[in-house]
Amino acid sequence: MERIFDQELEDRLVRYAAIDSQSDETSTATPSTAIQFGMLNLLVAELQEIGAEEVVLTEYGVVLATIPATGTGPAIGFLAHVDTAPQFNATGVKPRVIKGYDGGDITYPDNPALVLSPRKSPYLASKKGDDLITASGLTLLGADDKAGVAIVMTLARHLLASPGIKHPKIRLAFTPDEEIGRGVGEQLPKDLGVDFAYTLDGGDAGEIVYESFSADRAVVTVKGVSIHPGWAKEKMVNAAHLAAKIVQTLPQATMTPETTDGREGFIHITDMNGGSSEMEIKLILRDFELDGLTAKGDLLKKVCEAVQASEPRAEIACEIIPQYRNMRYWLENDMTPVELALAACKAHGIEPISAPIRGGTDGSRLTEFGVPTPNIFTGMQNVHGPLEWISVQDMAKATEVCLTLVQLAAEQR
């Protein structure tokens with residue numbers, strides 16, 4: 001493959017990753033953090049500079065733009081999200097480029113104890129000779145999903161600079177708050193205005209995902225009886241003890257993220273906050289099938305009910321809130337966008353990988369809202385932590401696949 005996109009992708013990711021744009025689940029604002037406007041406003045300016053049309057930053061925090069059609073075919077969307085995950089420090093990211101990776105251990109200048117080893121990562125071992133991008137050891141990198149942003153922007157610039165390439169109308173969307181499940185609201189599908197779309201938010205080269213978790217989140221509140229501990233006998237009800245009992249009663253040897261893989265779902269406790277008078281437990285529930293998701297919610301409710309029965313003076317409430325659903329339920333009715341992506345991969349000699357993703361994307365919600373949106377690889381690895389890295393050449397492969405995809409789509413009508 002001719003390496004025409006490598007330097008642009010490297011430059012873009014290094015520039016974008018240095019911008020703090022972490023989202024915040026506790027915020028009620030849209031976007032959840034004002035710092036995301038740093039990326040959103042930058043993309044508006046860059047899209048205008050390369051000649052994109054209908055560039056707008058919507059009131060709900062999404063940047064939209066159009067690449068006019070040069071041929072026929074279905075209108076296609078490409079999406080990436082600008083926020084980075086709240087799970088790890090994302091302030092002061094210092095991206096670094098390792099040119100021509102030598103195949104050995106990778107150490108970090110700001111955290112000498114941290115080591116990324118190919119012995120623990122077969123995928124890293126396969127990238128000898130590639131140019132890799134990592135952070136400096138104290139932050140995540142933010143390739144999730146600024147690699148996707150870089151790929152979409154590189155694709156857009158190339159298409160706008162090459163009017164001889166035949167492609168249908170293309171719409172671009174850069175969303176905030178994907179990491180906290182708020183990237184796609186009910187208005188976006190209409191404003192996007194496409195027949196189908198793709199998120200650039202996947203991992204290994206060749207990954208074309210059309211099946212995701214179905215997801216709910218849960219909030220358990222435990223209210224005890226508060227009184228001075230010196231006079232608490234037979235009066236105090238310690239909410240922290242009851243919250244601990246709920247946690248201990250839930251499955252631990254099974255049905256947790258660290259004990260499951262493949263098509264197994266889980267119940268994951270993400271936060272516990274409070275004190276002896278009141279506690280709050282936040283959880284996420286995941287399963288590939290709706291009946292399995294429902295069963296996990298029912299199990300959580302039964303545990304809460306059992307602990308409540310053990311202490312009638314307490315007040316225990318369990319609220320389950322839907323998040324997103326397995327995109328397969330809709331995509332399996334029309335696999336056209338998936339088949340185009342698979343064909344584009346094969347055209348570049350890339351063997352497609354279509355294992356179900358143990359997570360979700362903006363495409364999960366878009367698909368549920370009626371815009372079929374499978375997910376395409378970027379190359380990102382070890383996301384949401386300090387060992388995050390990506391191959392520039394994987395990003396280039398994704399760009400080439402998207403370029404071929406839109407050309408194949410132009411031949412459909």
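Two strands are said to pair if DSSP finds at least two bridges between them. The legends below describe close-up views of a predicted model.

**Figure 1. Strand β8 and its two partner strands, β3 and β2.** Strand β3 (residues 76–81) runs parallel to β8, and six bridges join them. Within this pairing, Ile76 stands opposite Ile170 in β8. Strand β2 (residues 63–67) also pairs with β8, but in the antiparallel sense and over five bridges. Here Leu64 is the residue opposite Ala173 of β8.

**Figure 2. The two sides of strand β8.** The side chains of Ile170, Leu172 and Phe174 point one way from β8, whereas Arg171, Ala173 and Thr175 point the other way. The residues on both sides are buried. Because six of the six residues of β8 are buried, the strand is largely enclosed by the rest of the structure.

**Figure 3. The largest nonpolar core, seen around Phe174.** This core has 71 residues, of which Phe78, Leu172 and Phe174 touch the most other members. Neighbours within four places in sequence being left aside, Phe174 is in contact with residues including Leu40, Leu43, Leu47, Val62 and Val63. Ala80, Val82, Val149, Val152 and Met153 are also among the contacts of Phe174.

Figure 4. Helix α9 comprises the twelve residues 336–347. From its first C-alpha to its last, α9 reaches 16 Å, close to the 16 Å expected at 1.5 Å a residue. Pro337, Val338, Leu340, Ala341, Ala344 and Cys345 are the buried residues of α9. Seen down the helix axis, these buried residues fall within an arc of 160 degrees, so they line one face of α9. The face turned away from the buried side carries the exposed residues Lys346 and Ala347. Among the elements that cover the buried residues of α9 are β9 (196–202), β10 (208–209) and α8 (328–331). The cover also includes β15 (375–377) and α11 (392–410). Just after α9, Gly349 takes a positive phi of about 70 degrees.

Figure 5. Most residues other than glycine have a negative phi. Asp177 lies in the loop between β8 (170–175) and α5 (188–192). With a relative accessible area of 2%, Asp177 is buried. The place of Met255 is in the loop between α6 (239–249) and β12 (266–274). Met255 counts as partly exposed, at 25% relative accessibility.

**Figure 6. Two cis peptide bonds, one from Thr30 to Pro31 and one joining Asp144 and Asp145.** Most peptide bonds are trans. The bond from Thr30 to Pro31 is cis, with omega near -10 degrees. Pro31 is located in the loop between α1 (6–17) and α2 (36–50). The peptide bond that joins Asp144 and Asp145 is also cis, and its omega is about 10 degrees. Asp145 is found in helix α4 (residues 143–161).

Technical notes:
Residues are numbered from 1 along each chain as its sequence is written. This is a predicted model: local features need pLDDT of at least 70, side-chain atom pairs count only at pLDDT 80 or more; totals for chains, interfaces and linings use all residues. Side-chain values use heavy atoms; hydrogens and water are left out. Helices (H or I, at least four residues) and strands (E, at least two) are DSSP runs, numbered from the N terminus. The expected span of a helix is 1.5 Å times one less than its number of residues. Buried means under 20% relative accessible area, exposed over 50%, partly exposed in between (1.4 Å probe, protein chains only). The arc is that of the directions from the helix axis to the C-beta atoms. Contact means heavy atoms within 4.5 Å. A nonpolar core is a set of buried Ala, Val, Leu, Ile, Met, Phe, Trp, Tyr and Cys residues joined through side-chain atoms within 4.5 Å.
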